[in-house]
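Reader: I have a new model open and want a quick walk through it. Can you take my questions as they come?
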Amino acid sequence: MLYFLGRRIISALSVVFVTLVATFALFFVAPTDPAGAICGARNCPPDRLAEIRAGLGLDEPKVKQFTSYLEGLVAGRTYVNGGVERDCAAPCLGYSFKNDRPVLDMLKERLPVTISLVAGAAVIMLTVGVTIGSMAAKRRGTAGDRALVTSTLIVSSIPYYIVALMISLYLTIFYPILPRGQWTSPFDSPGKWIAGFVTPWLVLGLVNTTQYVRYSRGSMVESLSEDYIRTARAKGLSDRVVTYKHALRTALIPVITIFGLDVAGMLAGAIFTERIFDLPGLGQLVLQSLVNYDLPVIMGTVLISSIFLVAANLVVDIVYSLIDPRVRLS
Amino acid sequence: MSDTVRPIDQAPSNAETLLQIRDLKMHFPIKEAAGLARTKKVVQAVDGVSFDLKAGASLGLVGESGCGKSTTGRMITRLLTPTSGQILFKGTDIARLKEKDLRPFRRQLQIVFQDPYSSLNPRQTVSNIISTPLRVHNLVKKGKELARVQELLERVGLNPEHHNRYPNEFSGGQRQRIGIARALAVEPEVIIADEPVSALDVSIQAQVMNLLEDLRRDLGIAFVFIAHDLGVVRHFCDTVAVMYLGKIVEQGPREQIYGAPQHPYTQALLSAAPDLGTIRGIPPKERIRLVGDVPSPIDPPSGCRFRTRCWKAEDICATQEPLLEGKPQSTPGHAAACHFAEPKLDLTAATA
Amino acid sequence: MTEPTPDDRKDAMSETAAEQPAEAKRGPEVATRERRQGALSPSGETPYLVVEDLTVKFPTADGVVSAVNGLSYSVPLGRTLAIVGESGSGKSVSSMAVMGLHDPRRSKITGSIRLGGDELVGMPEADLMKVRGDAVSMVFQDPQSSLHPLYTVGKQIAEAYLVHHKVSKEVAKKRTLEMLDLVGIPNPARRFNQYPHEFSGGMRQRAMIAMGLVNDPKLVIADEPTTALDVTVQAQILDLLNNLQKEFGSAIVLITHDLGVVAEMADDVLVMYAGRCVEYGTAEDVLANPRMPYTWGLLESIPTVSAANERLRPIKGLPPSLLNLPSGCSFNPRCPYKDRVKGERCTTDLPELLPVDGAGLHTSRCHLPDKASIYETEVLPRLG
Ligand SMILES: Nc1ncnc2c1ncn2[C@@H]1O[C@H](COP(=O)(O)OP(=O)(O)OP(=O)(O)O)[C@@H](O)[C@H]1O
Ligand SMILES: Nc1ncnc2c1ncn2[C@@H]1O[C@H](COP(=O)(O)OP(=O)(O)OP(=O)(O)O)[C@@H](O)[C@H]1O
Ligand code: SF4
Ligand code: SF4
Ligand SMILES: [Mg+2]
Ligand SMILES: [Mg+2]
């Protein structure tokens with residue numbers, strides 16, 4: 001187990017590193033000019049441009065820029081800008097080009113919003129999806145089952161942002177049945193926190209639920225036709241125990257894999273949901289930083305998403321080995 | 001049902017020796033986590049197998065599941081590269097040949113698999129399945145492929161009109177015939193038949209066995225016939241090798257192996273086969289019941305590998321590995337790997 | 001094997017098959033009729049399981065699959081009935097029906113299945129659940145896939161006990177350990193907590209048998225219990241089943257396609273072809289004096305010693321499609337003897353299951369007039 005963890009963490013770090021290099025490289029391959037963006041004016045005086053470049057460290061060689069970035073991550077670094085020295089302790093993600101704030105602070109601010117959003121939606125999509133999927137699997141072939149499968153297909157084939165936008169528009173603005181999205185820290189006011197998230201949770205959760213209905217239905221249909229399910233029924237176990245204990249346990253294994261990766265992906269920024277419901281999460285930050293060529297922020301968000309992804313992979317593998325005794329972590 | 005009963009021709013004793021297998025070994029490395037470190041172990045799937053196969057002959061390879069029969073077959077056809085040992089095909093050692101140099105030999109050595117369901121690509125038509133090896137080996141002119149496929153289908157007793165069908169339109173026995181036709185397409189000299197009838201019902205099994213016999217007699221193809229059914233092996237093979245845990249424990253002419261087996265494991269195997277004879281008044285044969293399970297090939301017992309289940313085992317069995325050798329009383333070609341080998345008669349049932 | 005005393009037998013008879021005249025007084029006609037209805041097993045003993053005119057159909061997209069057609073048989077306590085037949089002949093489907101394991105939405109079952117007098121066909125699911133695994137249990141073919149891979153073996157066996165007994169987990173565990181020991185699994189306490197993949201094939205099948213017997217069932221259905229096993233392990237498992245039956249006196253239905261296994265295990269034999277019983281009798285009747293071309297064909301297909309150098313004699317052709325059974329005798333497209341029956345009866349009339357010698361309990365389904373002499377003069381010499 002220790003050996004497994006050690007090996008996995010090393011491979012995870014290398015994945016994160018490669019992702020950073022790739023992001024950095026892509027940023028400079030594209031014809032981007034953060035300094036121009038900051039300067040703003042169309043006819044930015046060249047010396048002003050050079051000044052900004054120097055201030056941002058963009059005048060240094062590319063490799064140097066990257067190594068300084070890494071150094072900051074691991075050991076912290078000191079920025080000198082216009083004679084002012086600023087200490088940035090490790091893990092230092094640098095300062096935003098755009099508004100000169102520490103990227104770490106910006107991420108810290110955004111993260112709780114995204115985590116709140118994703119956690120709620122994840123609970124909905126897993127519980128509702130698996131429950132409905134299992135029920136459908138048990139009744140497979142019936143009219144109800146077919147209707148369900150068709151309707152999940154229809155919902156999934158509409159682009160997500162259209163569904164989300166429509167719901168937001170109709171149910172929170174034209175006919176305000178549901179509360180509008182709004183960020184309040186749960187520590188300040190749990191009630192307001194919930195109220196502000198109900199609609200995005202439902203939208204993000206339920207739309208994704210349709211996929212989970214299909215995954216878990218498929219997985220359950222398969223596990224219900226296994227020989228050991230027949231054995232369980234032959235023992236005299238009730239239908240309920242057979243379905244929700246014996247069959248569900250194996251059926252969950254593939255569902256959990258997809259779930260882990262989905263959650264990681266959503267944590268990296270549920271861009272549409274955050275935008276439509278006006279939640280100041282990571283996704284919004286990603287959007288803004290892209291528009292502004294704000295390299296430190298882009299790097300920061302990429303870093304955090306790749307960490308989420310590798311962590312999710314690791315967690316899925318560990319959960320796997322807990323559910324399935326045949327899987328040994330090695 | 002044909003009523004003409006034809007004896008199967010024994011392979012002529014002066015026939016050319018096609019295959020010489022010498023001390024063939026296959027050790028699969030496996031990795032296991034053990035705390036912080038990782039141990040590397042090996043599965044000794046096949047550990048020193050030797051035999052000869054003459055043109056037109058048929059050698060039976062029997063033994064329990066996991067004893068290395070399929071692995072041996074796969075090495076001979078070079079679907080696996082042996083860890084060590086030699087596979088001499090007409091004098092050329094093909095055990096370590098590179099893929100490029102191997103090609104002419106691949107044609108000569110064909111394999112038929114056990115599972116008639118998974119061994120055929122369900123998305124290819126029968127015609128495609130059979131003609132692929134023809135094309136790979138450039139054995140047929142363009143435009144003549146279909147004719148050859150139909151000829152082969154007819155040869156294995158299938159309707160040549162069915163060449164455009166997919167495997168799922170055929171029954172298990174018919175699929176096995178397709179697999180055989182595919183092997184025959186390249187006119188091989190040796191066919192490794194890995195449990196070709198194990199998945200079939202007894203009535204269908206007999207149909208396929210007869211087909212194999214025809215091929216052997218009419219085309220002179222030599223067979224390595226892998227099976228765990230002792231009855232079909234006795235029917236089809238003139239020599240039999242009994243394997244246990246990666247090694248051949250007894251080998252010899254069919255009459256000797258079935259009539260006077262010397263190795264305790266062979267004796268147990270024969271006596272365990274259920275017997276139809278008793279019901280027709282033939283006195284029941286002696287019963288030998290093995291206890292326990294086959295040990296793991298990762299960590300096989302020292303000395304004689306059978307000793308953990310052997311009722312004759314003594315101290316020497318744990319320390320000294322018995323060699324596969326002829327005993328003074330044995331007929332030529334009959335060898336057993338046991339310190340206390342001793343023929344036991346009357347173990348074979350009328351049918352088994 | 002426990003032979004019931006005459007008194008026992010009378011008592012039991014009046015329970016299950018009411019108002020039967022004593023065997024001796026019955027005319028052959030009566031015997032035939034009762035026999036056809038499956039009231040008597042070939043030994044004449046009073047049965048525990050009675051299957052009468054069982055039909056199982058599956059409506060599918062391609063049409064209705066008639067997997068079992070009018071099957072009748074019966075098994076007394078302490079006896080073993082072997083059901084033999086080719087793949088797809090309906091062996092498993094008929095036994096699953098006895099267990100009530102077919103999905104009522106996907107199958108249509110008619111006829112009667114009586115277990116110790118209780119009718120199982122049409123029994124509400126809630127009552128069936130109480131019978132399943134308790135009075136009747138099943139051991140399946142492939143112990144690898146028939147055990148749940150994610151639960152320990154011990155837990156799975158204990159669960160079978162707990163469904164039918166209101167006892168604590170400790171009691172169930174104790175019982176499980178006893179059972180593991182009984183079926184010859186060494187070191188039960190350690191094995192209890194292991195998962196199926198840590199067991200060998202033979203041990204898994206032992207564990208399946210332990211699970212099947214944990215509630216002392218009166219009837220055990222073993223569906224090809226040894227097909228997936230090596231011969232040496234098969235021999236161990238068959239011995240185990242035999243010994244357990246001697247000890248507990250349960251009735252066993254053994255499904256197999258290996259006639260050697262039948263010879264070693266069975267008291268009675270039922271040969272199935274395309275969902276129908278084509279021959280039924282004691283093991284000696286069916287294996288030593290078979291009276292039906294399909295049974296002959298099966299016996300002749302097996303390689304024998306004395307004929308080691310001869311060609312095998314397979315049954316030609318393939319089993320029929322269950323979507324579209326041939327008219328008349330289902331075996332007629334493959335039967336080498338049908339020309340010997342006058343007229344076209346083999347292709348027009350379905351032969352009835354009749355006593356082979358006019359009376360008696362050995363029955364077969366074939367129009368051939370002189371089955372006994374054909375067997376003696378033609379078939380037997382070929383069997384070697
Ligand atoms: N690729 C592999 N890696 C590791 N072990 C293997 C591999 N292939 C086979 N083995 C092991 O080698 C041994 C021999 O396997 P093999 O398939 O040759 O047996 P077999 O005699 O053909 O058995 P069966 O009758 O079940 O087909 C088994 O213990 C098997 O688990
Ligand atoms: N649920 C089902 N729907 C449709 N057809 C079915 C169903 N279950 C079984 N059958 C068909 O019923 C027939 C009898 O099957 P069954 O499993 O009883 O055969 P069997 O005699 O047990 O054969 P085997 O020796 O292969 O186990 C087969 O042709 C099978 O395809
Ligand atoms: S060498 Fe010893 S252990 Fe091995 S088979 Fe012979 S008697 Fe048994
Ligand atoms: S009834 Fe006719 S076809 Fe059927 S088994 Fe008898 S002889 Fe053959
Ligand atoms: Mg094999
Ligand atoms: Mg079956």
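Predicted model: local features only at pLDDT ≥ 70, side-chain atom pairs only at ≥ 80, totals over all residues.

Reader: Where does Asp62(C) lie in chain C?

Author: In a loop of chain C, between β1 (49-60) and β2 (63-75).

Reader: And how far is Asp62(C) from Leu323(C), in sequence and in space?

Author: In sequence, 261 residues separate Asp62(C) and Leu323(C). In space, the C-alpha to C-alpha distance is 7.7 Å.

Reader: Zoom out. How many helices and strands does chain C have?

Author: Chain C has 15 helices and 12 strands. Of its 384 residues, 59% count as buried.

Reader: What share of the contacts in chain C comes from residues 24 or more positions apart?

Author: Taking contacts with a separation of 6 or more, that share is 67%.

Reader: What about the accessible surface of chain C?

Author: It comes to about 14,900 Å². Carbon and sulfur atoms hold 51% of that.

Reader: On to the interface. How much area is buried between chain A and chain C?

Author: About 2,400 Å², with 58% given by carbon and sulfur atoms. In chain A, the residues that lose the most area to chain C are Arg230(A), Arg233(A) and Lys235(A). Together they make up 26% of what that side buries.

Reader: How many residues does each chain bring to the contact?

Author: Chain A brings 24 residues and chain C brings 26 residues.

Reader: How many salt bridges are there between chain A and chain C?

Author: Two salt bridges. Glu159(C) pairs with Lys235(A) at 2.8 Å, N to O. Glu159(C) sits in helix α6 (residues 153-164) of chain C and Lys235(A) in the loop between α9 (227-234) and α10 (239-267) of chain A, so the pair joins two chains.

Reader: Are Glu159(C) and Lys235(A) buried or exposed?

Author: Both Glu159(C) and Lys235(A) are buried. Glu159(C) also meets Lys245(A) in a salt bridge, at 3.1 Å, N to O.

Reader: How many salt bridges over all chains?

Author: The structure holds 43. One of the salt bridges in chain B joins Glu189(B) and Lys90(B), at 2.6 Å, N to O. That pair links distant parts of the chain, 99 residues apart. Glu189(B) lies in the loop between α5 (172-184) and β7 (190-194), and Lys90(B) in the loop between β4 (84-89) and β5 (92-93).

Reader: How accessible are Glu189(B) and Lys90(B)?

Author: Glu189(B) has a relative accessible area of 24%, so it is partly exposed. Lys90(B) is at 39% and counts as partly exposed too.

Reader: What does Arg106(B) pair with?

Author: Glu99(B), with the closest N and O atoms 2.9 Å apart. Glu99(B) counts as partly exposed, at 48% relative accessibility.

Reader: Which residues are linked with Arg311(C) in a network of salt bridges?

Author: Arg155(B), Asp214(B), Arg217(B) and Asp218(B).

Reader: Now the ligands. Which residues come nearest to ligand 4?

Author: Cys329(C), Cys335(C), Cys346(C), Cys366(C) and His367(C), out of 13 residues around ligand 4. The shell divides into 10 nonpolar, two polar and one charged.

Reader: And which are closest to ligand 3?

Author: Cys304(B), Cys310(B), Cys317(B), Cys338(B) and His339(B). Ligand 3 is surrounded by 13 residues. Its shell has nine nonpolar, two polar and two charged residues.

How values were computed: Residues numbered from 1 in each chain as written. Chains lettered and ligands numbered in written order. Heavy atoms only, no water. Helix = DSSP H or I, 4+ residues; strand = E, 2+ residues; numbered from the N terminus. Buried < 20%, exposed > 50% of the residue type's maximum accessible area, 1.4 Å probe, protein only. Contact = heavy atoms within 4.5 Å. Areas by Shrake-Rupley, 256 points an atom, 1.4 Å probe, with all protein chains shown as cover. Near = heavy atom within 4 Å. Nonpolar A, V, L, I, M, F, W, Y, C, P; charged D, E, K, R; others polar. Buried area = accessible area lost by both parts, 1.4 Å probe. Salt bridge = Lys/Arg side-chain N within 4 Å of Asp/Glu carboxyl O.
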